Amino acid sequence: MRHLTFLLVFSTLLLSAPPKKTGPRARKATDERLLRAQVLLDRAHLSPGEIDGSWGDNTRTALQGFQSTRQLPITGQLDDATWNALNQDQTPELTNYTITKEDAGGPFEKVPEDMVKKAKLERLAYETLVESLAERFHSSPGLLKKLNPKTKFAEGEEIRVPNVHTEAPAGRAVRIIVDKSDSVLIAYDEKGQFLAQYPATMGSEHDPLPIGTWTVLAVVKNPTFHYNPGLFWDADPSHSKAKIAPGPNNPVGVVWIDLSKEHYGIHGTPEPSTIAKTQSHGCIRLTNWDAMELASLVMSGTEAVLQE
């Protein structure tokens, strides 16, 4: 009996032991597969957020959304059935792009953290060319540098970039669901058909998401941000109200979708790597590129359901 108990315990230990480390070639193949999956999810309008070639909750949630829309088992994993379905789009995950004079010309400017100092800038522009290109191709600056290790990122250079989608899905959204439990925003058309899904940052213990049904009042592109420290629990008490100029590094990014709930809206962000990973001051934050796509789908009167 003791021998049997020992064998059972030993077998359990073996089954629960971590897998053996894989070699560099196997890890590279896994990384390439994941990067391709992120690009294909983006092309299917199931945004993984910032494409970075790394596993994370945003990729898992995008996979769950893809599996749901394709009637696949919802595992949140890149299993064989999901991989095969994704690869019905046989587009290469990477493409070439030549940096133009306009790209390299900027302007680029360091953006201060302090709101008062931000208000002194004429435009909240990109800080670097790499940041600008990363947003255009829905990716992290780190991924662009990894894909182009010998590149100086200068005018005339040809670089490798994620082959992301460039057009919004066809149709108009009559209803959007903001789901706190999964940190996603999903858009549906008039027939209840899926249009797009985006990872989102929403609310905090200080500024909880206002659960309920609201409507879109207006869509404002390249908005000016009116900073009122009285609306922010963590604001510097010495700050006064300030007007922050438009630009991709504006606190609300490149678009503001105003909701019927006073002081609340859906907007972009100057920090795409934080989406669905940090808290907000109650509003719903998307990456700049996802916010711009959503702005093309909604209009005044679109229903916005904010749920737990």
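**Group meeting talk: a sheet, its helices and a pocket**

Nine strands form an open sheet, in the order 5-4-3-13-7-10-11-12-6, and the pairing is mixed. Two strands sit at the edges: strand 5, residues 194–199, and strand 6, residues 201–202. Each of these pairs on one side only. One caution before I go on: this is a predicted model.

Now some context. The protein has nine helices and 13 strands. The chain has 308 residues, and 45% of them are buried. Take the contacts with a separation of 6 or more. Of those, 60% join residues 24 or more positions apart.

Back to the sheet, and to strand 13. Find residues 303–307 on the screen. Which way does strand 3 run beside strand 13, parallel or antiparallel? The two run parallel. Five bridges join them, and strand 3 covers residues 175–179. Here are two of the partners. Val 178 is bridged to Leu 306 in strand 13. Asp 179 is bridged to Gln 307, also in strand 13.

Next, strand 7, residues 212–221. Strand 7 pairs with strand 13 too, but in the antiparallel sense. Four bridges hold that pairing. Look for Trp 214: it stands opposite Ala 304 in strand 13.

Helix 3, residues 57–69, packs on it. Helix 3 touches strand 4, residues 184–188, and strand 5. The direction of helix 3 makes about 165 degrees with that of strand 5. Then there is helix 9. Helix 9 lies across strands 3, 4, 5, 7, 10 and 11. Its angle to strand 5 is about 150 degrees.

Helix 7, residues 129–136, and helix 9, residues 288–297, each supply at least two lining residues. Helix 9 gives the largest share, six residues.

Last, two residues in loops. Asn 148 is in the loop between helix 8, residues 141–147, and strand 2, residues 158–162. Is Asn 148 buried or exposed? Its relative accessible area is 6%, so Asn 148 counts as buried, because the cut-off is under 20%. Leave aside its neighbours within four places in sequence. Asn 148 is then in contact with Phe 153, Ile 159 and Arg 160.

Thr 274 lies in the loop between strand 11 and strand 12, residues 284–285. Its relative accessible area is 15%, so Thr 274 is buried as well, by the same cut-off of under 20%.

Methods
Residues are numbered from 1 along each chain as its sequence is written. This is a predicted model: local features need pLDDT of at least 70, side-chain atom pairs count only at pLDDT 80 or more; totals for chains, interfaces and linings use all residues. Side-chain values use heavy atoms; hydrogens and water are left out. Two strands pair if DSSP finds at least two bridges between them. Contact means heavy atoms within 4.5 Å. Axes are lines fitted to C-alpha atoms, for helices over the stretch in contact, and angles run from 0 to 180 degrees between N-to-C directions. Buried means under 20% relative accessible area, exposed over 50%, partly exposed in between (1.4 Å probe, protein chains only).
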